[in-house]
Amino acid sequence: MSFLLPVRRYDEWDVPALLAAKRDRRVSVVIPARDEAASVGGVVEGIAAAWTGEVPLVDEIVVIDSDSVDETAAVARAAGAIVFSAKEIRPDLGRAEGKGEALWKALHVVTGDLLVFVDADLVDWGPHFISGLLGPLLTNDDIQLVKAVYDRPMLAPDGSQAEAGGRVTELVARPLLALHWPQLGGLVQPLSGEWAIRRATFERLSVPMGYGVEIAAVLDIAERHGVTSIAQVDLGRRTHRHRRHDTLGPMAVQVIAAVEARLGWRTPDRRPDPITLVQFDRTTTGFVPCEQHPDTGERPPARSVRSYRDDPDDGTLGWGPR
Ligand SMILES: O=c1ccn([C@@H]2O[C@H](COP(=O)(O)OP(=O)(O)O[C@H]3O[C@H](CO)[C@@H](O)[C@H](O)[C@H]3O)[C@@H](O)[C@H]2O)c(=O)[nH]1
Ligand SMILES: O=C(O)[C@H](O)COP(=O)(O)O
């Protein structure tokens, strides 16, 4: 079995060709952000400057503010983004925390036919992330999902390069793929937060509310459309803000739960039984347990939701209106 999936380079598509291929389709860049006031402005400004003026590759830049307690929303708005609060989008559908929730709620407000997701904590990146991710989607109708691929050094607090990043990728996602979906072993960055997808495809997927959203999209699209419907594009290098183990632990739980749901080992319920993850802090008096309860729930396909874009469930999705 070949484990290789082709990796294209971001500069394989020139901009005039992308603009021509875009035709009358709309492109939305969607940036989920929780407490990213320090970096979200730079991400929005970089994309706006490159792709919304003389070169109109992007029609809207939408920041979904995900329960931030800092100035994320104000900074994003000042930088030129349209800003929505995740919890204020379709409040009739209830609210949940998490990155997946932000992306799923985005479906209810964005106007794009093609969606490009970009994390808000990027430090070392470039506007070519957008054109590179759009290249395969705009030029090949068989491609459903485009994953970003890059070097991802892990930076020490002083900014020096400590070792390779991607701890959850290397220790959780890749081993799970090796065990259960070896045909996806050629994915270089299965969890990359920068990806592009057709709206018509994403709105038919069940979406984990937390950090399971990336692995779920990869698995579901490979299942429905085949591995070759996933493209990878080399964007060069990307650095971001590193999380501590008290965020990466719950992230790993959510990634594993999304995988187990797709193995049929758990039901991707709206509200599954709470999971308790215990980690420990060393203090002067010994080890102190710290409990967290990562949410492993999933949202049903947006298209199955009542009043979704005034286009109710057509009965083919298996979830029924909620
Ligand atoms: O409740 C949340 C948590 C995070 N985010 C945003 O989501 C993005 C990615 O979150 P982050 O905590 O920085 O994730 P990473 O440590 O970078 O984790 C990697 O792996 C995750 C699991 O696949 C992916 O979701 C990430 O995009 C990917 O970069 C950032 O813009 C966050 O502000 C939210 O909007 N809401
Ligand atoms: O994608 C991952 O594996 C997590 O975001 C952790 O990344 P990091 O180890 O580079 O912080």
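How many bridges pair β14 with strand β15 (residues 286–292), and in which sense, parallel or antiparallel? The pairing runs over 7 bridges in the antiparallel sense. The model shown in these views is predicted.

**Figure 1. The hairpin of β14 and β15.** Two residues lie between the strands of this hairpin. Strand β14 covers residues 277–283, and of its 7 residues the number buried is 0, so β14 lies largely in the open.

**Figure 2. The protein chain as a whole.** The chain holds 9 helices and 16 strands. Its radius of gyration is 19 Å, close to the 20 Å that the globule rule gives for 322 residues, so the chain is as compact as a globular protein of that length. Along the principal axes, the C-alpha atoms fill a box of roughly 65 × 50 × 50 Å. Buried residues account for 45% of the 322 residues. Of the contacts with a separation of 6 or more, 72% come from residues 24 or more positions apart.

**Figure 3. The open sheet of 8 strands.** The strand order is β1-β12-β7-β10-β5-β2-β3-β4, with mixed pairing. Strands β1 (7–9) and β4 (82–85) stand at the edges with a single partner strand each, so one side of each has no neighbour in the sheet. On average, neighbouring strands are turned by 25° against each other, direction ignored. Strands of a sheet pair through backbone hydrogen bonds, in either the parallel or the antiparallel sense. Within this sheet, strand β2 (residues 27–33) and strand β5 (residues 114–117) run parallel and are joined by 4 bridges. Valine 29 stands opposite valine 116 in β5.

**Figure 4. Helices α3 and α8 against the strands.** Helix α3 (residues 72–79) packs on the sheet and touches β2, β3 (60–65) and β4. The direction of α3 makes about 160° with that of β4. Helix α8 (residues 213–225) lies across β7 (145–151), β10 (195–198) and β12 (230–237). The angle between α8 and β12 is about 145°.

**Figure 5. Helix α4 and its cover.** The buried residues are Lys99, Gly100, Glu101, Ala102, Leu103, Trp104, Lys105 and Ala106. The elements that cover them include β2, β3, β5, β11 (207–208), α8 and β16 (298–299).

**Figure 6. The surroundings of ligand 1.** Ligand 1 is surrounded by 20 residues, of which Pro32, Ser66, Ala120, Leu191 and Gly193 are the closest. The elements that give two or more residues to this shell are β2 and α4 (99–106). By class, the shell divides into 8 nonpolar, 4 polar and 8 charged residues.

Figure 7. The residues around ligand 2 are Arg152, Met154, Gly165, Gly166, Arg167, Val168, Thr169, Leu191, His242, Arg243 and Leu248. Helix α6 (residues 167–180) gives the most to this shell, with 3 residues. The shell divides into 4 nonpolar, 4 polar and 3 charged residues.

**Figure 8. Arginine 23 and serine 307, with positive phi.** Most residues other than glycine have a negative phi. Arginine 23 has a phi near 50° and sits in the loop between α1 (15–22) and β2. With 8 other C-beta atoms within 10 Å, arginine 23 is exposed. Serine 307 has a phi near 65° and lies in the segment after β16. Serine 307 is exposed, with 12 other C-beta atoms within 10 Å.

**Figure 9. Valine 15 in helix α1.** Valine 15 is partly exposed, with 13 other C-beta atoms within 10 Å. Leaving aside residues up to four places away in sequence, valine 15 touches Val55 and Ser131. Valine 15 and arginine 299 are 284 residues apart in sequence, and their C-alpha atoms are 36 Å apart in space.

Notes: Residues numbered from 1 in each chain as written. Chains lettered and ligands numbered in written order. Predicted model: local features only at pLDDT ≥ 70, side-chain atom pairs only at ≥ 80, totals over all residues. Pairing = 2+ DSSP bridges. Axes fitted to C-alpha atoms, helices over the stretch in contact; angles between N-to-C directions. Contact = placed C-beta atoms within 7 Å. Near = placed C-beta within 6 Å. Nonpolar A, V, L, I, M, F, W, Y, C, P; charged D, E, K, R; others polar. Rg over C-alpha atoms; globule rule 2.2 N^0.38 Å. Buried ≥ 20, exposed ≤ 12 C-beta atoms within 10 Å, placed from the backbone.
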